[in-house]
Amino acid sequence: DSLSPPVFNGLTNYIYLLSKDPQFYRTLINTLVFAAGTIAIGVPLALVIAYAFSQSRYQAMWRSIYWLPMITNIVAVAYIWKFVLHDAYGMLNRLLALVGLPGPGWLTSTSLSMFSVIMVFVWMQLGHNMLLVSAGLNSIDESYYEAARIDGANSTNIFWDITLPLLKPTILFVLITNFITGISYFALMLVLTEGGPAGSTNVTSLYMYNMAFADLRLGRAS
């Protein structure tokens, strides 16, 4: 197909997307589910692991290990996980078969595909979030902890009454950056599921990408 000369059509593209497009609102909902899921799972997990490793003298080593997915090519990461989560010969389903459990369709089930993509993304972002949370933890003055221990506070009291309140700016920053990344992300979906099955992982950014470069509807995609 060749591109036709651009023609000004006013608000026609917006009217179509908002009132006639059968997929736009579904991709918008998928986008919000993906962004919310990555935050709900990824941020608390990063907080717990970063706090646990902050008590270890090997925290620098663990931070480096968890950072590795962030510097790995996204396509390579996606294809590795596509192999791990494959229905028939995937490593995860084979491990489940060893203990007598049926392996679900991680990437082919409409009810599991979005969850699978979210978990892969959480795994990729974990090192980045941990690094930010670790920096926040290291910025907390040790005198707060010493005063709490003198007053008889245990580890649980210290975490909920000192660590967590003082980490609020860091946690807010991690939440905002994760949400921004989540609503604009589509690379994993493109490689893992191509937006399927039945559009269950088709997010707005992927829909826009396909509309522009597969359907060549550049005006509508813009």
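Reader: Is A198 buried or exposed in this model?

Author: Buried means under 20% relative accessible area, exposed means over 50%, and partly exposed is in between (1.4 Å probe, protein chains only). A198 has a relative accessible area of 59%, so it counts as exposed. Keep in mind that this is a predicted model, where local features need pLDDT of at least 70, side-chain atom pairs count only at pLDDT 80 or more, and totals for chains, interfaces and linings use all residues. Residues are numbered from 1 along each chain as its sequence is written, and side-chain values use heavy atoms, with hydrogens and water left out.

Reader: Where does A198 lie?

Author: Look in the loop between helix 10 and helix 11. Helices (H or I, at least four residues) are DSSP runs, numbered from the N terminus. Here, helix 10 covers 187–192 and helix 11 covers 204–213.

Reader: What should I notice about the backbone of A198?

Author: Check phi: for A198 it's near 55 degrees, a positive value in a residue other than glycine.

Reader: Which peptide bond is cis, and what is its omega?

Author: The one joining G196 and P197, with omega at about -5 degrees. You'll find P197 in the loop between helix 10 and helix 11.

Reader: What is phi for L216, and where is that residue found?

Author: L216 isn't a glycine, yet its phi is positive, about 60 degrees. Its place is the loop between helix 11 and helix 12 (218–221). With a relative accessible area of 31%, L216 is partly exposed.

Reader: And what is the relative accessible area of F179?

Author: For F179 the value is 37%, so that residue is partly exposed too. F179 belongs to helix 9, which spans 168–184.

Note on methods: Helix = DSSP H or I, 4+ residues; strand = E, 2+ residues; numbered from the N terminus.
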